[in-house]
Each structure stands twice: as C-alpha cells, then as structure tokens.
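Take a look at this protein, starting with its pocket and then moving on to its sheet.

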Amino acid sequence: MNRWRAVLPALSLGCLVACATVPASAPTALKSSPVPPPSQERVLRESWLKERHGLLLDMMRRHGVAMWVVVNEEFHDDPLTAWVAPPLPYAGNRDVFVFVDAGDAGLQKVALTGYATEAVARFFEAPPVERKQTEALADLDARYHPRTIALAMDGRRGVTRSLTHDTYKWLVEALGPTAEARFMSAAPLIEEYLDTRLPGEFAPYRDLVVLTESLVKRALSNEVVVPGKTTVGDVRRWLYDALFEARVGTWFQPDLRVQRQGMKDGFSRGFLAVADEAVVIQRGDLLHVDFGVSALGLSTDWQKMAYVLKDGETDAPEGLKRALENTRTLQDALMLRASRPGRSSADVYDATMAEMNERGIEAKVYSHPLGAQGHALGASIDFRAASRSEAPRLLRKGSYLAVELNTVTPVPEWGGQKVAVMQEDPAYLTDEGWRFFVPRQDAFYLIH
C-alpha cells in the first residue's frame, strides 16, 4: 500500500464539509494512497505498455490480423486508446494508431496524430504532422498490403464495437474501395489483448483491492453508520468523498441494499433491489454494499455485508451466519473445485450449480472478468452467459475475475424469511483454481 509514500494533501473544501448534512463524519485524510503521483503513474503505465506491445504480434497472428487500426476521436475517446498508446489526453480530431504485421520485420507501429508528442514517439513511428492522415494511411496499406484490417466493430461488447459510423466511412475513403472487403472484426484480438494480465500489474492491483476493502469496512462501521439516523444516501456520499481522498475514481456508483426482518420481497429480476437513498439504517438490518475503485487503468469490484446489532446482541443471529456459510460453500465450489485454466466457463458454471443443487443450496452465479474495465473482456462464469448461443470461453491462467454470486437462505430467527447473502471478490486464476487477492469475508461486519 505504501510503495510510493505519496502523502495526500489536505482538503480545501472545509466549508463544504462543515455545511454538509451527513450525520457521519467525512473521511479522514489518508496517510498514503496506493496510487503514485501522476508523473510516476505515467512511467509505470508506459512500462506496462512496452511489455504489452511485445505480446501483440503473436496475438495478431493467432487471430489472423495483418493490420489493426485504432482510432481515437476528439472528446470521444476510444476505450482502447489508453491500452494501445501512452495514457495521455488526445485532443486531435482523429488520432490513429496502426499496428502492422510486417513479416520478418516484425511489428510495425505507426501513429497518425494531430499533434506531435514525445511520449507517442517513444512507442510509434510518427510521420510529420503536416502530412494528411488519409495519405499516410493509404501509403501504409500500399507498402504492406495487409490481407486483413481489424477494426473495433461487430463485437458484442462496447469496447469491441467502438468504431463510429463516420470514422468507418473515413477509413474506407482513406484506404480505397478495395480495402473494405478486407475489414474484419478486431473483437477476438481485443479480448485477448485486454484479458492478458502482466506480472507487473499484480502488486499494484492487489493494493487497489486492499484499498477497496479498507474503504468498505469503514463505510460499514460506526465510523459512518449511526443506527436510526444514517441513511443509505449518507453512506453513498461518504464513499464518494473517500474516493476523492484516496486519489482514485470509480466506474459505477456505490450501491447499498438493506434487508430487515418483516420486509416485503425486495427482489427485482432475480436480484435484491438497490435501496433508496432516503432509507434510514436501523438496528437489526442486514446491509450490503457494491463498490469498486479505478486507478492505473485497472478496476476493482467488491461486495460485502454488515449486520447492525440490536440492543443486547453481540453477534449476528445464527441463521444469518449459516446463510453466509452457504455463500462461502458456493465460492469454494466455483473457485477451488470447478475452475482450472483451459476449462470452459460454461462447464465451470454447470459443475458449480450441480454441486449446489446436490447440497440443496439456492444459488446464483454472475461472475465476470476484471482488469481494463470493471466488466472486462474474457470468460464470464455467469448464468446469463451459460444460456447464450455464443461459443464458451476458456479460462485463461492469470486472468482476473470478480467472483460475484449469492445464495438465498431461510432464516429461522426471521420467521423463515429468505435472506440473500451476496459476495464479490477480485481473484486471479492459478493451476489450482481461483485465488483471492485478499482473504474473503468470513463473518459479517458488525455495526454497534
């Protein structure tokens, strides 16, 4: 966590904090952040980019790609740009990054940008900016005669279908009418490129997971929650402020769910519904938070649960603890017994659910890859993916996964009311199955 010893500055928003109506205290300043200062972050991410470029030629050949073109548009960044080029602001009308399989000459990388930058020139050949991009692109096509030209189109996910209609037409005009017949979807290449984790990413990513856990533990504690007074919205706003303090972002708003004895069925489309911000947290409530951070081009995803003790209680009721144990059993089935590198995600899902059916546990699995995005590309172990007609994905050693799932269990102390225990933990795949970056939740967080 303290690798860079980057001390955060004190907040200058004293009046805003003092005037806020949130009953919980604002986050106290962190002594350090797992994210280095911007200058050091750039050096780190560029070192990863150099290593990632070194893997690209073999990937292109595996997927039959002779030329890969990524186009970034002004104030409409392509989600691939920060992964194929230095993570800088790009403000040209169109910035074009071209990768060519030049045979024995290896991978040729050319950047056609509106502005010359030293950082880009370290990674790409850069023709003079005075030259028209369309002419330079046509010359590349004439020089290398690529049999296929891969573009971010026809994919099932946003990052694999990010090419705009106007840019498509611009490419056809630049490359000529015969080039369109060589266009192909870059989706399989993009998936492997973004789902391949680098050894150097591991420790910084683990630090981000540790930070995620730390913030959630604080949010689901008496530091933030005063039973009978604190609202769901208060906790959400605290988490937003904590993100600012930690110098990280997020890729989705923090969501909270509340279950309490006697409440009506709060399920929607098979999932427990997110609580309204006005809901006041009470003694006896079972709380759930869904939260993730984004930094260094990587994202985490995290779900944990807390119990608000009633007067006289020192622990959660036994029925709730047994419900958590059911979810731990589901985690073990998926992570340790069913998953191995090279296995089909569909087979892993089927094996996991077969074990749950045998044990009589009502379970749902909706795990997804993590990394470049929070909902990243790769093999999902998911009840929705299992029902689709697309080809199953094979688990790739070293990939990161959000092990996201839940079980639903009747709780005797709540009159047999069913309670959902949801968990989500970042994990990485080894030869022996998935391993958590930090230990999983073995007991509910307790709020006094």
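The largest pocket lies between domain 1 (38–195) and domain 2 (199–446), because both give residues to its lining. The domain bounds come from an automatic or database domain assignment. The model is predicted: local features need pLDDT of at least 70, side-chain atom pairs count only at pLDDT 80 or more, and totals for chains, interfaces and linings use all residues. Residues are numbered from 1 along each chain as its sequence is written, and side-chain values use heavy atoms, leaving out hydrogens and water.

The centres of the two domains, taken over C-alpha atoms, are 36 Å apart. Domain 1 puts 17 residues into the contact and domain 2 puts in 18. Contact here means heavy atoms within 4.5 Å.

The largest pocket has a volume of about 1000 Å³. A pocket is an open set of points on a 1 Å grid over the protein atoms alone, where a 1.4 Å probe fits, with protein on both sides within 12 Å along at least five of seven lines; lining residues have an atom within 4 Å of a point. The volume is the space filled by probe spheres set on the points, which are joined across faces, edges and corners. Of the 41 lining residues, Arg157, His368, Ser380, Asp382 and Arg384 are the closest to the pocket centre. The lining divides into 18 nonpolar, 9 polar and 14 charged residues. Charged means Asp, Glu, Lys and Arg; nonpolar means Ala, Val, Leu, Ile, Met, Phe, Trp, Tyr, Cys and Pro; the others, Gly among them, are polar. Strand E13 gives the largest share, 4 residues. Helices and strands are DSSP runs numbered from the N terminus (helices H or I, at least four residues; strands E, at least two).

Now turn to the sheet. 5 strands form an open, mixed sheet in the order E3-E2-E1-E4-E5. Strands pair if DSSP finds at least two bridges between them. Strands E3 (107–112) and E5 (183–185) are the edges, each pairing on one side only. Neighbouring strands are turned by 25 degrees against each other on average, direction ignored. Strands E1 (67–73) and E2 (94–101) run antiparallel, joined by 7 bridges. Valine 70 has phenylalanine 97 in E2 as its bridge partner.

Two helices lie across these strands. Helix H2 (38–62) lies across E1, E2 and E3, at about 65 degrees to E2. Helix H5 (133–144) lies across E1, E2, E3 and E4 (149–151), at about 5 degrees to E2. Axes are lines fitted to C-alpha atoms, for helices over the stretch in contact, with angles from 0 to 180 degrees between N-to-C directions.
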